[in-house]
Amino acid sequence: MTNPTPQSPVSDTTIPSNKHNPFNLTTDIRDSLSEVFCAAIHSHKSDYLTRRHWLAEHLAKEDHDKKHTEVLISLCDFSERLLKSEAQTYKAIMGSDFWIEEVTKIIQEAETV
């Protein structure tokens, strides 16, 4: 019969909470979360810009289908809301406006095309 060994804590140090780390996350966890958010936002940025491009091409046609226009606009709106939501979630978890500012730039860039 073996005796169970007590598990030692992963980290003995207390991570202070502040506006840049509201959930007291370790540096490793913050790094991992940053990578996840970066990958997600870049993927959704690509989708958003592609959909905006499709909408622009569709609207450039003289005889474009109005129902198809509504679908494309809806897809663009969905992608924009998703980007904004991810940026807000990043701010809530990480305490940084970085992605909010970047998403604003992405949307402005798409509107000028």
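Predicted model: local features only at pLDDT ≥ 70, side-chain atom pairs only at ≥ 80, totals over all residues.
**Entry 1**

I started at Phe98, which counts as partly exposed at 40% relative accessibility. My cut-offs: buried is under 20% relative accessible area, exposed is over 50%, and partly exposed is in between, with a 1.4 Å probe and protein chains only. Trp99 has 7% relative accessibility and so counts as buried.

Residues are numbered from 1 along each chain as its sequence is written, and side-chain values use heavy atoms, with hydrogens and water left out.

**Entry 2: aromatic pairs**

Next I looked for ring pairs. For Phe, Tyr and Trp (its six-membered ring), centres must lie within 6.5 Å; planes under 30 degrees apart are stacked, over 60 edge-to-face, and the rest tilted. I found 2 aromatic pairs by this rule.

Phe37 and Tyr90 make an edge-to-face pair, at 5.1 Å centre to centre and with 75 degrees between the planes. Phe37 sits in helix 1 (residues 27-60) and Tyr90 in helix 2, so this pair ties together parts that are 53 residues apart in sequence. I checked burial too: Phe37 is buried at 11% relative accessibility, and Tyr90 is buried with a relative accessible area of 9%.

Phe98 and Trp99 also pair edge-to-face, with 4.9 Å between centres and 80 degrees between the planes.

**Entry 3: the overall layout**

I then stepped back to the whole chain. I counted 3 helices and 0 strands, which read along the sequence as α-α-α. Helices (H or I, at least four residues) and strands (E, at least two) are DSSP runs, numbered from the N terminus. Of the 113 residues in the chain, 21% are buried.

For contacts I used heavy atoms within 4.5 Å. Among contacts between residues at least 6 apart in sequence, 63% join residues at least 24 apart.

**Entry 4: helix 1 and its neighbours**

Helix 1 has 34 residues and reaches 49 Å from its first C-alpha to its last, close to the 50 Å expected at 1.5 Å a residue. That expected span is 1.5 Å times one less than the number of residues.

Which residues of helix 1 are buried? They are Phe37, Ile41, Tyr48, Leu55 and His58. These buried residues pack against helix 2 and helix 3 (98-112).

For axes I took lines fitted to C-alpha atoms, for helices over the stretch in contact, with angles from 0 to 180 degrees between N-to-C directions. The axes of helix 1 and helix 3 come within 10 Å and cross at roughly 15 degrees. The two are therefore roughly parallel; the classes are under 35 degrees for roughly parallel, over 145 for roughly antiparallel, 65 to 115 for roughly perpendicular, and oblique for the rest. Residues in this contact include Phe37, Ile41 and Tyr48 of helix 1, and Trp99, Val103 and Ile107 of helix 3.

Against helix 2, the axis of helix 1 comes within 9 Å and crosses at roughly 160 degrees. Helix 1 and helix 2 are therefore roughly antiparallel.

**Entry 5: Glu80**

Last, I looked up Glu80, which lies in helix 2 (residues 66-94). Is Glu80 buried or exposed? Glu80 is buried, with a relative accessible area of 15%. Leaving out residues up to four places away in sequence, Glu80 touches Tyr48 and Ile107.
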